Amino acid sequence: MTITTYMNKLGIDRKCYPLLAVTPKGEYPTKSYGAKMNQFTNQILSNQDHYIGLFNQDRKEILQDVFFKEYTVPLIGCNDESPFTNASKTKIESYFIVKKFYETVPHSELSEEQAIEQGKQDAKEFIKRYPSDKYDIGITIAKRGEDGAEFLGDLIFDESNQEYKLYFFHCRN
């Protein structure tokens with residue numbers, strides 16, 4: 001299969017930011033407020049007092065956790081309108097294949113075939129680490145230009161937390 005096949009499985013047909021969020025079972029925040037949202041935010045952001053600049057990178061005007069809750073949370077499927085459904089193994093595999101492709105192939109680090117194979121291996125390791133009977137896993141696609149996605153690179157995430165995670169990459173389709 002080609003990378004396009006895996007992109008189609010995720011619904012990617014344009015420039016975007018695919019997001020994958022992980023929480024312990026039953027803790028995925030389905031509302032943009034409340035205890036689950038606060039727990040999720042507190043667990044994935046390493047420095048609650050970190051400021052980021054939205055309009056001018058030299059002027060840090062908003063706390064990262066405020067920005068995250070206001071702009072990014074709605075992108076990961078945390079809303080009152082749609083119920084949470086756990087991502088399938090097929091979608092998880094497709095996510096990691098496309099992620100590996102965009103992290104390596106444009107920089108001539110791997111061929112498309114190599115990226116697909118390594119992405120499959122990354123997905124196997126992820127599924128082993130985060131079995132669906134113990135974790136909630138949500139995958140969403142944020143459109144290019146959405147504020148909650150455009151500033152993800154400015155946020156400081158806690159990479160040591162193994163229970164709550166947010167993966168993302170820029171898909172330059």
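Mentor: Helices (H or I, at least four residues) and strands (E, at least two) are DSSP runs, numbered from the N terminus. The model is a predicted one, in which local features need pLDDT of at least 70 and side-chain atom pairs count only at pLDDT 80 or more, whereas totals for chains, interfaces and linings use all residues. Residues are numbered from 1 along each chain as its sequence is written, and side-chain values use heavy atoms, with hydrogens and water left out.

Trainee: Why is Ser-108 called exposed?

Mentor: The term is set by relative accessible area: under 20% is buried, over 50% is exposed, and anything in between is partly exposed (1.4 Å probe, protein chains only). Ser-108 has a value of 67%, so it is exposed. Its place is the loop between H4 and H5.

Trainee: Why is Thr-23 called buried?

Mentor: Its relative accessible area is 0%, and Thr-23 is therefore buried. This residue belongs to strand S1.

Trainee: What makes the approach of Tyr-28 to Thr-23 a polar contact?

Mentor: A polar contact is a pair of N or O atoms within 3.5 Å; within protein, one must be able to donate a hydrogen and the other to accept it, and residues adjacent in sequence count only if both atoms are side-chain atoms. Here the backbone nitrogen of Tyr-28 is 3.0 Å from a polar atom in the side chain of Thr-23. Contact in general means heavy atoms within 4.5 Å. Beyond its neighbours within four places in sequence, Thr-23 has contacts that include Pro-29, Phe-40, Tyr-135 and Tyr-164.

Trainee: Why is Gly-26 counted as partly exposed?

Mentor: Its relative accessibility is 36%, so Gly-26 counts as partly exposed. Gly-26 is found in the loop between S1 and helix H2 (35-44). Not counting residues up to four places away in sequence, Gly-26 touches Lys-36 and Asp-136.

Trainee: How do you know on which side of H1 its buried residues lie?

Mentor: In helix H1 (residues 3-10), the buried residues include Ile-3, Tyr-6, Met-7 and Leu-10. They cover an arc of only 100 degrees around the axis, and therefore lie on the same side of H1; the arc is that of the directions from the helix axis to the C-beta atoms. Among the elements that cover them are helix H4 (89-104), helix H5 (112-129) and strand S4 (135-143).

Trainee: What makes a group of residues a nonpolar core?

Mentor: A nonpolar core is a set of buried Ala, Val, Leu, Ile, Met, Phe, Trp, Tyr and Cys residues joined through side-chain atoms within 4.5 Å. The largest one has 27 residues, of which Leu-20, Val-98, Phe-126 and Ile-137 touch the most other members. Two or more residues each come from H1, strand S1 (16-24), H4, H5 and S4. H4 gives the largest share, 7 residues. Apart from it lies another core, of 24 residues, including Leu-19, Tyr-28, Ala-142 and Leu-155.

Trainee: How many strands form the open sheet, and what is their order?

Mentor: The open sheet has 3 strands in the order S4-S1-S5, with antiparallel pairing. S4 and strand S5 (165-168) are the edge strands, as each pairs on one side only. Two strands pair if DSSP finds at least two bridges between them.

Trainee: How many bridges join S1 to S4, and how many join S1 to S5?

Mentor: S1 and S4 have 9 bridges, whereas S1 and S5 have 4. By the definition of pairing, S1 is therefore paired with S4 and with S5. Leu-20 has the bridge partner Ile-139 in S4 and Tyr-167 in S5.
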